[in-house]
Amino acid sequence: MTPEASRWLTAMGNDMTDTPQTLYDKLWDAHLVAPEGKDSPAILYIDLHLVHEVTSPQAFTVLKERGLDVRRPDLTKATLDHSVPTLPANKDGSLPYATEDAATQVAALQDHCADYGIELFGLGDHRRGIVHVIGPELGLTQPGKTIVCGDSHTSTHGAFGALAFGIGTTEVGHVLATQCLFQRKAKTMRVRFTGALQPGVSAKDMALAMIAHVGADGGQGHAMEFAGPAVEALDMEGRMTLCNMSIEAGARVGLVAPDETTFAFLEGRERAPKTKDWADAVSQWKQLHSDDDAHFDQEIEIDASTITPMITYGVSPDAAAAINGQHPALANDNAREAADYMQLQAGQDFDAVRVDRVFIGSCTNARLTDLRAAANILRGRKVADHVAMLVAPGSEAIKAEAEAEGLHSIFIAAGAEWREPGCSMCIAMNGDKGQPGELVVSTSNRNFKGRQGKDVRTMLASPATAAACAVNGYLADPRQFAGQFADSDQTEESSAA
Amino acid sequence: MTPFTKLTSKSVILEQADIDTDQIIPARFLTTTESAGLGDKAFYDWRRGENGALRDNHVLNHVNTATHQILVAGPNFGCGSSREHAPWALLDFGFRVVISSDIADIFTSNALKNGLLPVQVPADIHAQLLDKPGLSITVDLENEQLSADGISCHFTIERFARRCLLDGVDPLGALLAQREAISRFEIAQIRAES
């Protein structure tokens with residue numbers, strides 16, 4: 001039995017009231033070192049702490065200043081993703097860092113990991129990649145675990161039924177030193193996606209539709225559980241995309257109950273339980289779901305069959321609409337200011353918006369299925385002459401798998417750049433960015449002003465939509481590429497494989 | 001951490017909704033390994049134009065933070081990235097309090113750990129405050145009371161964070177004091193495993 005599962009059972013055993021619980025309640029109870037009281041937050045035990053170069057150096061400084069050790073280096077895993085270049089190494093083997101500071105930051109994490117005995121999936125390691133991509137890929141991310149990282153998109157790991165959330169650098173220090181955090185319990189919200197997605201519509205479109213529905217602060221203070229047939233039908237990559245974007249609705253946590261799809265994804269992965277432990281783990285994981293009559297503070301229902309490919313048009317992820325439509329009316333000053341920045345007008349047809357650059361990548365959409373979806377559109381086609389396109393796979397493993405399938409050849413033949421793994425243009429701090437004024441269609445998660453470079457205008461979309469926009473040179477509904485979505489996504493995947 | 005008890009200071013208004021942490025401090029400045037000295041980077045792309053010159057028409061370029069230490073901002077302030085560089089930059093710029101109708105969760109958590117007080121007020125009070133730049137506002141943390149020129153309201157800060165702020169202590173000490181409880185939890189975990 002995994003420790004997480006048995007803790008959950010113990011917690012359940014202590015709860016003799018038979019009150020139906022949400023999945024969040026169960027995960028919470030199983031990790032309480034101390035319960036919360038009026039004057040004191042709960043102390044929550046953390047099973048997996050993921051660390052990257054950007055939000056950790058100041059935490060290690062505090063440890064050094066106070067003479068503290070890392071309590072559980074074995075539960076702490078590090079990688080390099082944000083500041084590292086996605087361009088190949090220079091002739092002398094050095095990496096083309098954007099700044100000297102970036103190189104210093106990378107060296108700092110390498111040193112800290114060596115000093116404290118933390119495993120680093122670093123440069124040259126075939127397991128390196130975006131932190132929220134490699135956790136699941138290595139099987140480190142498992143149902144029932146508590147997982148934190150100094151990164152808001154830690155919500156991604158909730159796709160496995162793990163309690164996962166982003167923390168600040170002070171809290172990174174707390175977890176390094178104590179493996180615990182002070183936490184107040186969140187409220188709960190269930191988002192049920194009924195019906196089935198139409199061909200050509202993906203988890204990214206579900207996420208954007210959800211955020212448009214609840215608003216950029218609609219999930220604030222809440223643990224958001226995604227449920228319903230359209231969620232159950234998603235593969236793990238899709239569920240990760242959905243949970244990844246829950247923070248863009250302001251939610252503290254995104255969750256999907258684990259099921260056979262989850263177990264099939266994890267089985268055989270490097271750090272997943274093996275042999276008898278695996279069978280025990282699965283039988284325990286199967287109990288990690290919200291009880292039938294569990295109470296949620298908020299319930300929302302979205303009919304997945306009505307969702308069409310989405311695009312964001314503003315400077316907040318909740319400004320999202322169907323790409324085959326028009327820019328909505330400008331309701332207030334914020335909307336007017338956003339439209340000014342985006343150089344878009346109310347009522348304007350989206351398909352008349354000219355695209356300068358396309359980015360496929362990020363912890364939201366740089367997994368193998370994402371790359372396949374984009375490649376399916378690009379196969380035998382060219383990126384429009386005026387469009388620059390960059391593809392950054394989510395990890396070294398995904399890069400290798402994509403190359404084994406020949407996806408990179410499709411991208412390169414179409415005129416796109418095929419890069420090394422990393423966060424790249426999502427956060428644009430490694431030198432990968434748009435030029436001022438450029439319109440970028442991006443599979444990443446944030447369309448904030450300047451996020452992808454000063455004065456860059458970002459429009460968020462799914463990988464298929466981004467690829468369609470690259471080919472058209474203007475915003476485009478991916479369904480116009482006849483034949484790509486004639487059958488289910490499953491067929492689409494197997495035809496690409 | 002500098003204790004926070006009570007502050008009377010004037011307000012600066014940024015009325016935009018959804019001011020995300022990329023606005024507060026752009027990601028390209030996150031390659032630092034320090035937490036000090038980020039005030040110059042606060043709202044960098046709002047305050048500076050081409051070639052990095054300060055924009056004369058931006059309110060933040062005319063703030064005297066000796067007298068104006070309270071930022072009143074539009075709803076959903078601090079959304080987006082978990083970067084603690086955002087409160088570090090705001091504090092180093094000279095703000096001690098952020099007031100909004102709605103402040104993002106991770107930003108709130110980060111702000112409280114650094115002595116920047118995030119104050120959430122009801123929408124009607126928020127609207128009144130947004131209308132009055134330069135208003136002298138008193139924020140009393142002990143009594144969780146905000147008052148200014150006939151405006152008065154109660155606000156709530158999570159009780160443990162409030163105690164830490166009032167005393168100027170870092171919560172890490174309190175966590176470290178729980179070592180025995182943490183060890184007991186871990187031993188139970190190891191037993192369950194075997």
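## A walk through the helices, sheets and rings

Let us start with two helices of chain A: helix H7 (residues 203–214) and helix H9 (residues 236–244) pack with their axes 8 Å apart, at an angle of about 25°. Helices here are DSSP runs of H or I with at least four residues, strands are runs of E with at least two, and both are numbered from the N terminus. The axes are lines fitted to C-alpha atoms, for helices over the stretch in contact, and angles run from 0 to 180 degrees between N-to-C directions. H7(A) and H9(A) are therefore roughly parallel to each other; that label is given to angles under 35 degrees, while angles over 145 count as roughly antiparallel, 65 to 115 as roughly perpendicular and the rest as oblique. H7(A) passes H9(A) in a right-handed crossing, a term used if the near helix is turned clockwise from the far one by less than a right angle, with anticlockwise being left-handed.

Before going on, please keep in mind that this is a predicted model, in which local features need pLDDT of at least 70 and side-chain atom pairs count only at pLDDT 80 or more, while totals for chains, interfaces and linings use all residues. Residues are numbered from 1 along each chain as its sequence is written, chains are lettered from A and ligands numbered from 1 in the order in which they are written, and side-chain values use heavy atoms, leaving out hydrogens and water.

Helix H3 (residues 85–93) and helix H4 (residues 105–112) of chain B cross at roughly 50°, and their axes come within 8 Å. That makes H3(B) oblique to H4(B). H3(B) also passes H4(B) in a right-handed crossing. Chain B has eight helices and seven strands, and its C-alpha trace spans about 65 × 45 × 25 Å along its principal axes.

Now for the sheets. Strands of a sheet pair through backbone hydrogen bonds, either parallel or antiparallel. Two strands are taken as paired if DSSP finds at least two bridges between them. In chain A, five strands in the order E5-E4-E3-E6-E7 make an open sheet with parallel pairing. Strand E5 (119–121) and strand E7 (163–166) of chain A stand at its edges with a single partner strand each, so one side of each is left without a neighbour in the sheet. On average, neighbouring strands of this sheet are turned by 20° against each other, direction ignored. Three bridges link strand E4 (residues 76–79) of chain A with E5(A) in the parallel sense, and here A:Lys77 stands opposite A:Glu119 in E5(A).

Chain A also has an open sheet of three strands, in the order E1-E2-E8, with antiparallel pairing. Strand E1 (32–34) and strand E8 (180–183) of chain A are at the edges, each with a single partner strand, so one side of each is left without a neighbour in the sheet. The twist averages 40° from one strand to the next. Strand E2 (residues 42–45) of chain A and E8(A) run antiparallel, joined by four bridges, and A:Ala42 stands opposite A:Gln183 in E8(A).

A:Gln179 lies between helix H6 (169–178) and E8 of chain A. Its phi is near 60°, a positive value in a residue other than glycine, and A:Gln179 is buried, with a relative accessible area of 0%. A:Ser362, in the loop between strand E15 (357–360) and helix H13 (368–378) of chain A, has a positive phi near 90°, again in a residue other than glycine. At 1% relative accessibility, A:Ser362 counts as buried.

Finally, look at the rings. The whole structure holds 13 aromatic pairs over all chains. The rings of A:Tyr24 and A:Trp28 have their centres 6.1 Å apart and their planes at 35°, so the pair is tilted. Rings of Phe, Tyr and Trp (its six-membered ring) pair if their centres lie within 6.5 Å, with planes under 30 degrees apart counted as stacked, over 60 as edge-to-face and the rest as tilted. A:Tyr24 and A:Trp28 are four residues apart in helix H2 (residues 23–29) of chain A, which separates them by about one helical turn. A:Tyr24 and A:Trp28 are both buried.

Methods: Buried means under 20% relative accessible area, exposed over 50%, partly exposed in between (1.4 Å probe, protein chains only).
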